[in-house]
Amino acid sequence: MGSSYSAEDIALQCKKYGAASVTITHRNEPMGFAWPEGIEEVPLLTKVEGNTAHFVDGSTRRVDAIVLCTGYRHHFPFIDDALRLRTANDLYPPNLYRGVFWLDNPKLMYLGMQDQYYTFSLFDVEAFNARDFVLGRLPLPPRPEMAEDIDSWRDRLGTLTDAFEEIDFQADHLLALSKDVDYPVFDLDLTREQFRRWEHDKTEDILTYRDKSFSSAVTGTESPVHHTPWWEAFDDTMATFMGDGSGSDGGITAKP
């Protein structure tokens, strides 16, 4: 159950490692990839009777297991109502200046509330902003200026039409956060280009996009292509993963 990264990964892993079939059920929209034989997407699950799953389009499937990949909600019942963030999973939540500081009381800081492309890089630079504010190194503007800045980001958010624009949006957000703190510099333009390639590769072939090679945004060094295509690699031990794939069974066993 689900239609995002976890559902995609788990569905493919289950099929790769021997499941006879995998059914992915979605609440809103299917992921729409060209799935390998044995994986299919159907609309919302409505009920389960014994081993029979019923879906909103009237179809049924016999199932052995149900895996929940339904994401998360921002839920802070322990925080006073006047300070509580309420947001969907989007790239720039409301009422957070710089995506971090609560507009009506910037001493309250929320980290990592955004939908993610840059993920840990964004977490890091948000933490740098929080640290410098606490230490008095990062003065914040008056409330009207903070509110105007939030509105400008939210307005731009409403114009985004695809994943490529979303990548640029979060890259610009990261850049804005990094300019006033001593966050280590890396090649942000390179990451934009590589994120676009990754998104294109994933849409083009859901089975092979993991097999691509990318360059470090810090050193510029390009990683080697893995010796065994992901769909054919069944041994995740460190020795096999880091080896040359020339084991006696075509890469499943590492070469001594």
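This report describes the chain as a whole and then one of its sheets.

## Basis of the model

The model is predicted; local features need pLDDT of at least 70, side-chain atom pairs count only at pLDDT 80 or more, and totals for chains, interfaces and linings use all residues. Residues are numbered from 1 along each chain as its sequence is written, and side-chain values use heavy atoms, with hydrogens and water left out.

## The chain

The chain holds six helices and seven strands. Both are DSSP runs numbered from the N terminus: helices are H or I with at least four residues, strands are E with at least two. Read from the N terminus, the order is α-β-β-β-β-β-β-β-α-α-α-α-α. Along the principal axes, the C-alpha atoms fill a box of roughly 65 × 50 × 30 Å.

Of the 256 residues, 39% are buried, that is, under 20% relative accessible area with a 1.4 Å probe, protein chains only. Among contacts with a separation of 6 or more, 50% join residues 24 or more positions apart; a contact means heavy atoms within 4.5 Å.

## Surface and charge

Three strands make an open, antiparallel sheet in the order S3-S4-S5. Strands S3 (45-49) and S5 (60-62) are at the edges with a single partner strand each, so one side of each has no neighbour in the sheet. Neighbouring strands are turned by 20 degrees against each other on average, direction ignored; the axes are lines fitted to C-alpha atoms, and angles run from 0 to 180 degrees between N-to-C directions. Strands count as paired if DSSP finds at least two bridges between them.

S3 and S4 (residues 52-55) run antiparallel and are joined by four bridges. Leu 45 has Phe 55 of S4 as its bridge partner, and Glu 49 stands opposite Thr 52 in S4. Two residues lie between the strands of this hairpin, where Gly 50 takes a positive phi near 60 degrees.

S4 pairs with S5 over three bridges, also in the antiparallel sense. Here Ala 53 has Arg 61 of S5 as its bridge partner. Four residues separate S4 and S5 in their hairpin, and Gly 58 in the turn has a positive phi of about 90 degrees.

Terms used: Buried means under 20% relative accessible area, exposed over 50%, partly exposed in between (1.4 Å probe, protein chains only).
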